[in-house]
Amino acid sequence: MAAIVLDDVNSDFDPFDARTRIDPYPAYARLRAAGPVLRLTKPGIWAVPRCDEVKAVFADHVNFSNAGGAGIANHFKNKPWRQPSIILEADPPLHTRTRKVLARIMSPGAMRRLEDQFKAKAATLVDGLVAKGSFDAIRELAEVFPLSVFPDALGIDFDGRENLLTYGAMVFAGFGPENDYFRNLMARAPTVLQWVTAKCQREALSPGSFGAQVYEAADTGEITQDEAPLLVRSFLSAGLDTTISGIGMALYNLARHPRQWAILAADPSLSRAAFDETLRFDSSAPYVFRTTPHETEIAGVRIGQHEKILLLLASANRDETRWERPDELDITRRVSGHLAFGTGIHGCVGQMVARLEAEAVLSALATRVASIEFTGDVAYRDSSGLRALSSMPVRVVPK
Ligand code: OW4
């Protein structure tokens with residue numbers, strides 16, 4: 001343990017301010033220059049903007065807990081709005097048990113079984129959009145595609161699928177401060193939460209699906225019967241809004257870098273790498289929190305007990321000490337090691353599903369489309385937890 005304890009550095013940066021949300025990157029650069037760990041005075045939390053310290057915190061689940069909440073809410077001090085996730089908002093040994101089940105359900109072999117179906121659905125969808133010529137790349141593609149494949153893989157039927165979008169929005173808005181956006185969503189909570197609970201039950205899940213496999217793990221005693229519906233809930237929480245946002249931001253960033261789109265159109269096999277580079281460049285899940293169970297330190301700065309620590313993943317992904325030309329989107333760079341999915345024991349367990357979905361969409365489009373032109377302004381969603389567009393009007397030029 002370091003013997004020297006440095007003074008903390010204050011910053012008035014507010015990650016939840018709507019004005020910084022559109023282009024937070026200049027502010028992130030200032031934070032990285034200011035120090036390895038900063039006190040954000042407005043929300044009253046700590047922030048970690050550089051790559052090395054983000055990785056160090058991710059590697060240390062003893063000093064930086066998830067049981068205290070992965071959003072700004074402090075579960076060590078206050079009761080959260082929903083029963084905590086038994087994978088995201090849990091520490092070992094509970095987390096170890098639940099993680100193993102989800103990692104197996106979303107294994108590479110499981111991904112291979114889904115691949116043909118995902119690619120066929122993307123091809124049909126994109127064929128229709130290319131025939132139209134002009135469309136909204138968010139509403140008609142980034143939102144439609146995950147909704148057309150993920151609920152099927154999860155195993156739920158068609159009735160009420162739009163509730164998945166509202167629930168995902170609630171979960172991610174719930175990671176930020178209690179603002180009007182969150183309160184407006186929560187006004188719909190009674191019906192949405194009832195629907196979510198119903199879809200997490202064994203009877204609601206089709207045989208062989210991701211959801212049914214969670215119940216199989218309960219039957220063998222790997223998890224308890226009570227834990228099964230809560231673990232299914234993690235698919236509903238984290239499985240749809242995330243991929244919609246990520247695919248949307250990938251389309252946006254490739255469209256506004258026409259030379260990068262041309263490289264992808266010339267070689268659609270770059271689609272998976274291109275998706276990862278857009279995640280590095282403009283992460284759709286830009287941050288995540290940890291909470292200190294006891295006093296500790298980061299880079300020599302003392303952090304008290306029960307403090308919230310904001311890990312600025314989108315900033316770490318632009319860290320000039322880690323990346324060459326960090327502010328350039330370059331789909332041919334070696335992008336592995338970016339932090340948009342986190343890393344360590346809580347690193348995104350669904351990242352292979354996300355990549356499969358994004359690859360299906362991007363390769364279908366890159367195979368057919370020479371260029372993408374904006375026909376109007378994009379609009380950002382008003383979420384404090386996810387970085388996402390709500391609209392992106394485009395025209396595509398077929399090859
Ligand atoms: C990023 C995530 C996000 C939101 C909810 C959950 C997980 C959950 N992972 O497990 O409920």
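This is a predicted model: local features need pLDDT of at least 70, side-chain atom pairs count only at pLDDT 80 or more; totals for chains, interfaces and linings use all residues.
How far from an oxygen atom of the ligand does a polar side-chain atom of Ser 234 lie? The separation is 2.6 Å.

1. For Ser 234, the distance from a polar side-chain atom to an oxygen atom of the ligand is 2.6 Å. For Ser 85, an N or O atom of the side chain is 2.7 Å from an oxygen atom of the ligand. For Ser 237, the corresponding distance between a side-chain N or O atom and a ligand oxygen is 3.4 Å. The protein buries 81% of the 300 Å² that the ligand exposes when taken alone.

2. The ligand is placed in the largest cavity.

3. A cis peptide bond. The bond that runs from Pro 92 to Pro 93 is cis, and its omega is near 5 degrees. Pro 93 belongs to the loop that connects helix 3 (51–58) with helix 4 (94–105).

4. Positive phi at Ala 299. Although Ala 299 is not a glycine, its phi is positive, near 50 degrees. The residue is located in the loop between strand 6 (296–298) and strand 7 (301–303). Ala 299 has a relative accessible area of 36%, and therefore counts as partly exposed.

5. Positive phi at His 306. A positive phi is also found at His 306, where the value is near 60 degrees in a residue other than glycine. His 306 occupies the loop between strand 7 and strand 8 (308–312). Its relative accessibility is 22%, so His 306 is classed as partly exposed.

6. Is Leu 165 buried or exposed, or does it fall in between? With a relative accessible area of 24%, Leu 165 is partly exposed, because the buried class requires a value under 20%. The residue is part of helix 8.

7. Tyr 252 in helix 13. Tyr 252 is a member of helix 13, which spans residues 241–255. The relative accessibility of Tyr 252 is 12%, and the residue therefore counts as buried. Between Tyr 252 and Ala 137 there are 115 residues of separation along the sequence, and their C-alpha atoms are 8.4 Å apart.

8. Leu 279 in helix 15. Leu 279 falls within helix 15, residues 271–281. Leu 279 is buried, since its relative accessible area is 5%. The C-alpha of Leu 279 and the C-alpha of Ala 388 are separated by 12 Å, with the two residues 109 apart along the chain.

9. Val 394 in strand 12. Strand 12, residues 393–398, contains Val 394. A relative accessible area of 2% means that Val 394 is buried. From Val 394 to Arg 368 the C-alpha distance is 15 Å, for a separation of 26 residues in sequence.

How values were computed:
Residues are numbered from 1 along each chain as its sequence is written. Side-chain values use heavy atoms; hydrogens and water are left out. A polar contact is a pair of N or O atoms within 3.5 Å; within protein, one must be able to donate a hydrogen and the other to accept it, and residues adjacent in sequence count only if both atoms are side-chain atoms. Accessible areas come from the Shrake-Rupley method with a 1.4 Å probe; for residues, only the protein chains shown count as cover. On a 1 Å grid over the protein atoms alone, a cavity is a set of points where a 1.4 Å probe fits but cannot get out, and a pocket is an open set with protein on both sides within 12 Å along at least five of seven lines; lining residues have an atom within 4 Å of a point. A molecule sits in a cavity or pocket if more than half of its atoms lie within 2 Å of its grid points. Helices (H or I, at least four residues) and strands (E, at least two) are DSSP runs, numbered from the N terminus. Buried means under 20% relative accessible area, exposed over 50%, partly exposed in between (1.4 Å probe, protein chains only).
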